[in-house]
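Hi everyone, thanks for making the time. I'd like to walk you through one model this morning, and questions are welcome at the end.

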Amino acid sequence: MYLATTGRRPDAPSRPAGAGRRVPGTVVALGAVSLVTDVSSEMVTAVLPLYLVLGLGLSPLQFGFLDGLFNGATALVRLLGGKLADRGGGRHRTVAGVGYLLSALSRLGLLLAGGAAAGIAAALAADRLGKGVRTAPRDAMISLSAPPEELGRAFGVHRAMDTTGALLGPLVAFVVLWATADAYDAVFVVSFATGLFGVLVLVLFVPAGARPAVGVKPVADVKPAVGVKPVADVKPAVGVKPRPAGGRTGERGRTGKKPRALGDPVFRRVVTAAVLLGAATIGDSFLYLLLQRGLDLPALLFPLLPLGAAACYLLLAVPAGRIADRSGRRTPFLWGHGALLAAYLVVMAPPGWPATVLVLVLLGVFYAATDGVLMALAGPVLPLDGRASGLAVLQTGQALARLVGAAGFGAAWTWWGPRPALAAAALALAAALVAARRILPERPEREVS
Amino acid sequence: MKARSLVLITAALVLLGGSLGYVLHARERGGGQRLVAAAGSFTLDEPGLYYRDSATGRVARGPGVADGPSCVRFHAAGDRALCLRALPGTPARTQAVVYDRKFTELQSVTVPGIPNRARVSASGHLLAWTAFAVGDSYAAGTFSTRTSVLDLRTGYLVKSIESIPLTVDGARYHAADVNYWGVSFAADDNRFYATVSTGGRTHLVEGDLRAWSARTLRENVECPSLSPDGTRIAFKKKVSTDPAAPWRLHVLELAGMGEHPLAESRSVDDQAVWLDGETLGYALPGQGGKGTDVWSVPADGGGAPRLLVPGGSSPVAVAAAPN
């Protein structure tokens, strides 16, 4: 089966690897959950500044304060979500479901808070809490429900669906505001209903318990089958490379001793590379700002820039995932950051529409080739019952590194001006790329050869 | 599988129906605040305190006649009134509407962002407004502003004064992060004062429209408001890093550049107005955390704050008709 789909059979219809196979139902269901949830959350994000500043008369400063208040906390909550999901095995769905539910309920909180600042702060906190808690168990579920050699595509499908929701959300918000002459409460109600629907999709269509890929039996099977051991005929090609340490995945899980993700040298190298590259990332808004200034873009069109990049990401997520499955995830991950480096260089070039479009496409390539791909790269390295916490460590590390990168770039911009700062960022990214190329294991997930 | 799909479809219908019902209800109710024009009888001819009434969102003449147009920010001087509205929908857009004394609409300009500050020069010839732009702030927790200036004599509109050549501490300054807000015009209808922020600091800037240049005068001055005699500037000064209460109202003597704090000890996030030569008006968050109230305080640093209008903002003292 596996051989047939890799195109070894010349008479087979020429399809790229994995195309003949369907993405596991769980992945599609999780993608649908993310799509619906993102519609719900992005519609609130789109109207929140309007609501707080115009509807409630908060000053911009208060708004910025409320908005930034919980961002730092999310990182820590994510670690907690990963830990909880791994404990006892197979609690991924429960933890993720609580996260999704919490975010959905936070819309009701916004509605009921009326104008009270404390109530609004509590609602926003609940939303961030939910967001933080659910991310790692969700990605762990994806990585557990697709066979390792198809993880890139699985994450690609998920991220594409997720981004679709993010693009639809503001549109729905706009329609609701337009239909009701700016009734923000109606946006919250629709968002609540949408969020609840997402939770329902999760409960109904995502099987409970973390299961090994394509495995038919749930929880009970997890313990014995801890080794990444999917379908029998896939195994020889995909089996995890035996480590000198002695079967990183299975053994430790079976003994019931909590595996410490960062204790694994291979995973540590993945995290190090991601953190290094993350710290050399300057934050998209800087690029958008430079593009806008370069083009003298009418400010009303400004929100279209991130939209363009998101659309590219949406289109490229699945193809990038497929390429990652075939070539090994290390290559697209590095090339994706190469695309980001190219975007920095293009922004420095004379401004114009071609340059702008190119930057947006490069940003789309960057996200498509790195976001889901990194999860696909790291997933199989982690033991089954430590996967959610491992991915949480990776995501949190990357997020914090990016925060540092953006802050550093902001400071450099202030001291040196945009162009020298950008040049420095490009140098830093190039250096990080060279380093990451050495650090990242050649075949962390034991690729198909 | 069948049962699950059935449950999902039922739930979808219930949730969709509920949402639709609420949206229709909100639509029936009249949504948020509708844009309303001024009643025919409402003019600027009666001198007194005009302000925005929080309950109706309309401009009112104190006490209590809220028959003016609906505005988020309001200012008036000479023969002109300036009303900033938030256009419905997202992304946020600000509509700046210019009125004569009878509230006949003369002109309107739409810019992106959320309405923030509005000013009319004493003669009524120059207008300035600031919108709070969401989405292009590049450092978390901060915001970005765009300030426009409209000269009614020539009809010339500068949508963003960001490109004005700026001199900081005597040296020509180039930076991508300059933000202007809170313009206050001098009596000559050419000079103006404003806040410029760059590199994490705020400055008082003096601008010259004809020469198209601006220079900083002093650090840590936000939302300047020039006194009617042109000798003093009321402003909010950042006195604390506590995000809940960062500012205190001060008055700066332009001649000697000496400044003194006012008797208002609470944190004011507003561009104060001179109600007369000796008194300042401003908005403060209302009791119970909802809406705003209009207060006044003597400009000399003495006295005590006085509550003028509960549930109001954008105060402005309108004088009798010029002729």
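Let's start with the nonpolar cores of this predicted model. By nonpolar core I mean a set of buried Ala, Val, Leu, Ile, Met, Phe, Trp, Tyr and Cys residues joined through side-chain atoms within 4.5 Å. Buried is under 20% relative accessible area, exposed is over 50%, and partly exposed is in between, with a 1.4 Å probe and protein chains only. The largest core here has 87 residues, and those with the most contacts inside it are A:Ile282, A:Tyr344, A:Leu394, A:Phe409, A:Trp413 and A:Leu422. Helix α15 of chain A gives the most to this core, 12 residues. What does A:Ile282 touch, leaving aside its neighbours within four places in sequence? Its contacts (heavy atoms within 4.5 Å) are A:Leu287, A:Tyr344, A:Ala406, A:Phe409, A:Leu422 and A:Ala425. There is also a second, separate core of 32 residues, which includes A:Met43, A:Ala186, A:Val187 and B:Ala26. As general background, nonpolar side chains in soluble globular proteins tend to be buried together.

A quick word on conventions. Residues are numbered from 1 along each chain as its sequence is written, while chains are lettered from A and ligands numbered from 1 in the order in which they are written. Local features need pLDDT of at least 70, side-chain atom pairs count only at pLDDT 80 or more, totals for chains, interfaces and linings use all residues, and side-chain values use heavy atoms, leaving out hydrogens and water.

On to the aromatics. Rings of Phe, Tyr and Trp (its six-membered ring) pair if their centres lie within 6.5 Å; planes under 30 degrees apart are stacked, over 60 edge-to-face, and the rest tilted. Over all chains, the search finds 11 such pairs. One of them is tilted: A:Tyr313 and A:Tyr367, at 5.9 Å centre to centre with 40 degrees between the planes. That pair links distant parts of the chain, from helix α13 (residues 304-327) to helix α15 (residues 353-378) of chain A, 54 residues apart. A:Tyr313 is buried at 10%, whereas A:Tyr367 is partly exposed at 21%. In chain B, ring pairs join B:Phe42, B:Tyr50, B:Phe74, B:Tyr99 and B:Phe103 into a cluster.

Charges sit over rings too, meaning NZ of Lys or CZ of Arg within 6 Å of the ring centre and within 35 degrees of the ring normal. B:Lys236 has its charged end over the ring of B:Trp247, 3.9 Å from the centre, and B:Arg266 has its own over B:Trp295, 3.9 Å from that centre.

Now the cysteines. B:Cys71 is buried at 2% and B:Cys83 at 0%.

Finally, confidence. The model scores ipTM 0.75 and pTM 0.77.

Technical notes
Helix = DSSP H or I, 4+ residues; strand = E, 2+ residues; numbered from the N terminus.
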